[in-house]
Amino acid sequence: VIGMSAFEGCSNLAHIEFKGDYLDEIMDEAFTDCVSLTEVVVPQVDSLPRGFYGCKSLKTAILTEGTRR
C-alpha cells in the first residue's frame, strides 16, 4: 500500500516503477502535485483512485492488465 499523500509535492520525482507483480492500493493523493513526474509503471493494483492528481508532466502510465479503478 502506498499511503495517502505519501509523496505529495515531491517536485524532483520524475519516474516511478513498482517492482513485483501486485500492489494492493495506491491511496488518494499519494503522488499529488509531483509536477516533474513523466512516467509511471504500475503492477496489477486493486485500487488506484486519484493517486496522480495534479501531475501535469505525466505523459506515460503503464498499467498491468487486471488493474482496477
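Visitor: Which residues form the aromatic cluster?
Guide: Phe-7, Phe-18, Phe-31 and Phe-52 form one aromatic cluster. The model is predicted: local features need pLDDT of at least 70, side-chain atom pairs count only at pLDDT 80 or more, and totals for chains, interfaces and linings use all residues. Residues are numbered from 1 along each chain as its sequence is written, and side-chain values use heavy atoms, without hydrogens or water.

Visitor: How many aromatic pairs does the structure hold?
Guide: Three. Rings of Phe, Tyr and Trp (its six-membered ring) pair if their centres lie within 6.5 Å; planes under 30 degrees apart are stacked, over 60 edge-to-face, the rest tilted.

Visitor: What makes Phe-7 and Phe-31 a stacked pair?
Guide: Their ring centres are 5.1 Å apart and their planes are at 0°, so the pair is stacked. Phe-7 lies in the segment before strand E1 (15–17), and Phe-31 in the loop between strand E2 (22–25) and strand E3 (39–42), so the pair ties together parts 24 residues apart in sequence. Strands are DSSP runs of at least two residues, numbered from the N terminus.

Visitor: Is Phe-31 buried or exposed?
Guide: Buried means under 20% relative accessible area, exposed over 50%, partly exposed in between (1.4 Å probe, protein chains only). Phe-31 has 2%, so Phe-31 is buried. Phe-7 has 35% and counts as partly exposed.

Visitor: Why are Phe-31 and Phe-52 called stacked?
Guide: Their centres are 5.1 Å apart and their planes at 0°, so this pair is stacked. Phe-52 lies in the loop between strand E4 (44–47) and strand E5 (60–63), so the pair with Phe-31 ties together parts 21 residues apart in sequence. At 18%, Phe-52 is buried.

Visitor: How do the three strands of the open sheet pair, and in what order?
Guide: The order is E1-E3-E5, and the pairing is parallel. Two strands pair if DSSP finds at least two bridges between them. Four bridges join E3 to E5. Among them, Val-40 has Ala-61 in E5 as its bridge partner.

Visitor: What makes Glu-17 and Lys-19 a salt bridge?
Guide: The rule asks for a side-chain nitrogen of Lys or Arg within 4 Å of a carboxyl oxygen of Asp or Glu. Here the closest N and O atoms are 3.7 Å apart. Glu-17 is partly exposed at 42%, and Lys-19 is exposed at 67%.

Visitor: How many salt bridges does the rule count?
Guide: Two. Glu-29 and Arg-50 also meet in a salt bridge, at 3.4 Å from N to O. Glu-29 lies in the loop between E2 and E3 and Arg-50 in the loop between E4 and E5, so the pair ties together parts 21 residues apart in sequence.
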